[in-house]
Amino acid sequence: MRHIAIVGSGPAGYYTAEAAQKEFGDDVRVDIFDLLPVPYGLIRTGVAPDHQSIKAVSRRYEKTALSDNVRFVGNVTVGRDVTIPELQELYDAVVLATGAPKDRPLDIPGAELGNVFGSAAFVGWYNGHPEFAELDPDLSGKTAVVIGMGNVALDVARILAKTQNEFAGSDIVAHALDALMASKIERIVILGRRGPHQIMMTPKELGELGELERAAPHVDPRDLPDEAEDAILEPGLRKSVTLIRGFAAMPEHIRAEKRIAIEFDFFAQPMALSGDGKVESIEVERTEVVAGRASGTGERYSIPASLVVSCIGYRTTPIPDVPFDERQGRFANDDGRILPGLYAVGWARRGPSGTIGTNKPDGFGVVKLIREDIESGALGGAARHGRPGFDALAEARGLDVVTFRDWKKIEEAEERAAREGAPREKFVDIEAMIRARG
Ligand code: NAP
């Protein structure tokens, strides 16, 4: 029997568990740890609440979770409640699937001002992550500036723009819905330091901006490269650029009907934020793209900004005793292997890129490494204690482990509390989650 500990119950964690089941069948026991009492990581607190079809992938993870040789070990923080060396002692393989939950810092003067948030915090707020439930962003000003031109920037702009009606069927948490419905934002500026050919936005997500009830995208046609140049783009990006061209060509009377303008400000690099305690404006520098990189032209201008959300990427949280690559913001690893017996998968391995589905081959890849290390003898004989060993340690430490069965009770309570038409009303604090398991 081989024992695998997976740290993190998001997509990378569950795909790894699924791959381990396929590879080792009945000869493996998998424990999936999470610091929250609830599973699914990014699916629950990252994927936008109005993208329920993407969230539905959790049903696949539940199938894995309910099998006899996989179990969920919630409410346990690895690195604090149990250390990595302790897990290595108990399990043949420890796989870090902890994602990249921290914001890449916006390293400009004024970034510490009030009402300036990173996307991990802001998305966590509207998605009910316990760490960010109290964020309380002030939406009483007129202009929000969203920094970055990736899918997260799109999520944030869209959530800021939607009407109550457009949140029907979503699981946006009540505190965020109430705040958004009272919002006074009329202008959402999406800042990109490069041009339309360098956006990271995918067509389906970008297309949604053109179909909002009370908001319309604005693109200055002068920012568009010559149409013939689109031919060299890979097909997905070409589709996105075609959508941007469509936004630029949108008739003025259609835009005039919408209360909220979503303006694409290309070739604009953030330089500084200013304000009295709270952010009031952002200074940007005009850029040009030279050899693929943003290069400042020296021309500067200022945009009023009562809210700033920086969507410029994420970093993995270091764990004591695990080598960390500071520059890349992820665990130091060689294609998933940190060292024999210790691995990283998903965003903790490769950084914050790709879709949910990218984690599937990642999970299968890391299980192949585990198989290789077993066969080379690097992991020793099958003599580790696994589950019973961890249970003894948890009892000795008085850890309050939340099981998958407990989670199902929490889930039922969330479903019972849902407003009409919504799938659930999430608990946003850990104590309430734990109480709900009965
Ligand atoms: P991303 O796709 O890497 O985009 C980050 C953006 O931030 C880029 O436009 C980048 O510009 C910009 N940026 C980085 N550093 C900057 C700086 N210092 N100043 C100004 N701009 C800066 O990251 P993401 O949007 O966080 O998304 C993460 C991953 O999740 C992506 O793979 C994304 O597709 C995925 N995701 C998917 C969905 C979906 O499928 N519905 C939803 C959300 C997220 P440069 O290109 O110039 O560096």
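Me: Where is the place of D31?

Reply: In this predicted model, D31 sits in strand 2.

Me: Why is D31 called buried?

Reply: The relative accessible area of D31 is 0%. Buried means under 20%, so D31 is buried.

Me: What makes the pair D31 and R71 a polar contact?

Reply: The side chains of D31 and R71 come to 2.9 Å from each other. The limit for a polar contact is a pair of N or O atoms within 3.5 Å, and the value of 2.9 Å therefore falls inside it.

Me: Which residues does D31 touch, not counting residues up to four places away in sequence?

Reply: D31 touches I4, A5, I6, R71, V73, Y91 and R387. Two of these names return in the strand pairing: A5 stands opposite D31, and R71 is the bridge partner of D31 in strand 3.

Me: How do you know that strand 1 and strand 2 pair?

Reply: Pairing needs at least two bridges. Strand 1 (residues 2–7) and strand 2 are joined by six bridges, so they pair, and they run parallel. The chain goes from strand 1 through helix 1 (residues 11–24) to strand 2, in a right-handed β-α-β crossover.

Me: How many bridges does strand 2 have with strand 3, and in which sense do the two pair?

Reply: There are four bridges between strand 2 and strand 3 (residues 70–73), and the sense is parallel.

Me: What makes strand 2 mostly covered?

Reply: Strand 2 covers residues 28–33, and five of its six residues are buried.

Me: Where is S281, and why is it called buried?

Reply: S281 belongs to strand 12 (residues 281–290). Its relative accessible area is 17%. The cut-off for buried is under 20%, so S281 counts as buried.

Me: Which residues touch S281, leaving out residues up to four places away in sequence?

Reply: S281 touches A272, L273, S274, S302, I303, P304 and A305. Among them, S274 is the bridge partner of S281.

Me: Why is strand 11 described as largely enclosed by the rest of the structure?

Reply: Strand 11 spans residues 268–274, and five of its seven residues are buried, so it is largely enclosed.

Me: How do you know that strand 11 and strand 12 pair?

Reply: At least two bridges are needed, and six join strand 11 to strand 12, so the two count as paired; they run antiparallel. Their hairpin has six residues between the strands, and G277 in it takes a positive phi near 85°.

Me: What joins strand 12 to strand 13?

Reply: Nine bridges join strand 12 to strand 13 (residues 293–304), and these strands run antiparallel. One of the pairs is E285 with its bridge partner R300 in strand 13. The hairpin of strand 12 and strand 13 has two residues between the strands, and A291 in the turn has a positive phi of about 50°.

Me: Why is T358 called partly exposed?

Reply: T358 has a relative accessible area of 28%. Buried means under 20% and exposed means over 50%; a value of 28% lies in between, so T358 is partly exposed. T358 lies in the loop between helix 12 (347–350) and helix 13 (359–375).

Me: How do you know that the buried residues of helix 8 line one face?

Reply: The buried residues in helix 8 (residues 174–181) are A176, L177 and L180. Looking down the helix axis, they fall within an arc of 100°, so they line one face of helix 8. Those residues pack against helix 6 (119–126) and helix 7 (151–161).

Me: What makes helix 7 mostly covered?

Reply: Nine of the eleven residues of helix 7 are buried. Among them are A153, L154, D155 and V156.

Me: Which residues are closest to the ligand?

Reply: The closest are M149, N151, R193, R194 and G354, and 21 residues surround the ligand.

Methods. Residues are numbered from 1 along each chain as its sequence is written. This is a predicted model: local features need pLDDT of at least 70, side-chain atom pairs count only at pLDDT 80 or more; totals for chains, interfaces and linings use all residues. Side-chain values use heavy atoms; hydrogens and water are left out. Buried means under 20% relative accessible area, exposed over 50%, partly exposed in between (1.4 Å probe, protein chains only). The arc is that of the directions from the helix axis to the C-beta atoms. Contact means heavy atoms within 4.5 Å. A crossover is right-handed if, with the strands pointing away from the viewer, the path from the first strand over the helix to the second runs clockwise. A residue is near a molecule or strand if one of its heavy atoms lies within 4 Å of it. A polar contact is a pair of N or O atoms within 3.5 Å; within protein, one must be able to donate a hydrogen and the other to accept it, and residues adjacent in sequence count only if both atoms are side-chain atoms.
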